[in-house]
Amino acid sequence: MARTHYIAGNWKMNTSKAEAVALAKDLVEQLKGKTNKYMIGVPFVYLDAVAQVVKGSNIILAAQDCAATANGAHTGEVSTEMLKDIGVQCVILGHSERRHEIGESDELINKKVRRALNEGLEVDLCIGELLAEREAGEAEQVCAFQLSADLAGVTEEQMKRVTIAYEPVWAIGTGKTATPEDAEAIHKFIRGYIAKLYNQKVADEIIIQYGGSMKASNAPELLAQPDIDGGLIGGASLKAETFVPICVL
Ligand code: PEP
C-alpha cells in the first residue's frame, strides 16, 4: 500500500530564536509545493515565533513534549491548551531522550498521548529498543510492550492522528543506522502488531517513520522499504541543506 512519506525534523534543545526563525523561513520557501507530509519539532520557547513563519504553509508545527494534565498548578509544565493557542498541531511523545534521560515511564507517556489526542492534536509516538535489548534479541518484545502501553485507551478513530517513529536508541545521534533490511523487519513487525491491537485497516494506514542518524545519503534506501513511510530526523534537520534533500525524495 502506498502511503505518503512523512518527513519530520526534531530540533531537540538546539538553535537560538533567530536561527529557529531563519531555518523555518528557509524550509517554508524550499518545501513550497512539495507533496510529502512535513513536520518540525521546535523547542517550546521558539514555538510562537516559528508558528508565525509556518502559518499557512505545508509544514506542521510540533512541540517536543506536553503536559499530561489540563491547565492548573503544575510548575514548569506546558499544556496542550497552551500549545493549541499558539498554533501547534502535533506533539512528539515518548522520545528515547525523554524516556532514558528524564525517566519518563510508559504510563506517563500514555497519559500524554491520550491528553494530546483528546485535545485534537496529532501525536508522533517514538518507540525503540536499547542496544543491550537488541543484542539480547528483545527488540520486537520492547516495541510491542511500548506500543501496548503507550496506546492503551487510544481509539481507532484517534489512531488516524497517530504516527509511530521507530527509533533504535543505539542509532540516535551516533552515526550508526539500522540496515534497511533490519529496519524493514521491525517496521513490518510494528505494523503487524498494530493490526493485532486494532485491525488491518489501521495497520495499513498508519505511517511508521524510521529515526536514527537518517541523512540524505542513507534515506533513499530506507524509504524504499515497503513498511518505512518516512523519517524522524534529529541532527540532519538542523540545516535546510541537509533536511530538504530528504524531504523531497
Ligand atoms: C531523533 O532525535 O529522533 C533522531 C533520530 O536523531 P538523529 O537523526 O540525530 O539520530
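**Entry 1**

I began with Thr-15, which I found in the loop between strand 1 and helix 1. Helices (H or I, at least four residues) and strands (E, at least two) are DSSP runs here, numbered from the N terminus. The model I am reading is predicted, so I note that local features need pLDDT of at least 70, side-chain atom pairs count only at pLDDT 80 or more, and totals for chains, interfaces and linings use all residues. Residues are numbered from 1 along each chain as its sequence is written, and side-chain values use heavy atoms, with hydrogens and water left out.

Thr-15 has a positive phi of about 80° although it is not a glycine. At 23% relative accessibility I put Thr-15 down as partly exposed. My scale for this is: buried under 20% relative accessible area, exposed over 50%, partly exposed in between (1.4 Å probe, protein chains only).

I then looked at Lys-12, in the loop between strand 1 (6–10) and helix 1 (17–31). Lys-12 is not a glycine, yet its phi is positive, near 50°.

**Entry 2: the "binding site" positions**

Which residues does UniProt list under "binding site"? The unreviewed entry gives Asn-10, Trp-11, Lys-12, Gly-173, Ser-213, Gly-234 and Gly-235. I keep in mind that UniProt positions are given in the numbering used here, that feature names are shortened, and that annotations may be inferred rather than shown by experiment. These positions are spread over 226 residues of sequence but cluster in space, with a largest C-alpha distance of 14.0 Å.

From this set, Asn-10 and Lys-12 belong to the lining of the largest pocket. A pocket is found on a 1 Å grid over the protein atoms alone, as an open set of points where a 1.4 Å probe fits, with protein on both sides within 12 Å along at least five of seven lines; lining residues have an atom within 4 Å of a point.

I looked up the contacts of Lys-12, where contact means heavy atoms within 4.5 Å. Leaving aside neighbours within four places in sequence, Lys-12 is in contact with Gly-41, Pro-43, Gln-64, His-95, Glu-97, Ile-172 and Gly-234.

Ser-213 sits in the loop between strand 7 and helix 10 (219–223), and at 17% relative accessibility it counts as buried. Not counting residues up to four places away in sequence, Ser-213 touches Ala-171, Gly-173, Thr-174, Gly-175, Lys-176, Thr-177 and Asn-218.

**Entry 3: the "active site" positions**

The unreviewed UniProt entry places "active site" at His-95 and Glu-167. They are spread over 73 residues of sequence, yet cluster in space, with a largest C-alpha distance of 8.4 Å. His-95 from this set is part of the lining of the largest pocket.

Is His-95 buried or exposed? I find His-95 buried, with a relative accessible area of 5%. His-95 lies in the loop between strand 4 (90–93) and helix 4 (96–102). Beyond its neighbours within four places in sequence, His-95 is in contact with Asn-10, Lys-12, Cys-126, Glu-167 and Ile-172.

**Entry 4: rings**

I searched the whole structure for aromatic pairs and found two. Rings of Phe, Tyr and Trp (its six-membered ring) pair if their centres lie within 6.5 Å; planes under 30 degrees apart count as stacked, over 60 as edge-to-face and the rest as tilted.

Tyr-166 and Tyr-210 form a tilted pair, 6.4 Å centre to centre with 55° between the planes. Tyr-166 lies in strand 6 (residues 162–166) and Tyr-210 in strand 7 (residues 207–210), so this pair ties together parts that are 44 residues apart in sequence. Tyr-166 is buried at a relative accessible area of 0%, and Tyr-210 is buried at 0%.

Phe-189 and Tyr-193 form a stacked pair, 6.0 Å centre to centre with 25° between the planes. These two are four residues apart in helix 8 (residues 180–197), so about one helical turn separates them. Phe-189 is partly exposed at 21%, whereas Tyr-193 is buried at 17%.

**Entry 5: the nonpolar cores**

A nonpolar core is a set of buried Ala, Val, Leu, Ile, Met, Phe, Trp, Tyr and Cys residues joined through side-chain atoms within 4.5 Å. The largest one has 72 residues, and Leu-27, Ile-40, Val-50, Leu-151, Ile-164, Ile-190 and Ile-194 have the most contacts inside it. A second, separate core of eleven residues includes Ala-8, Ala-62, Ala-165 and Ile-207.
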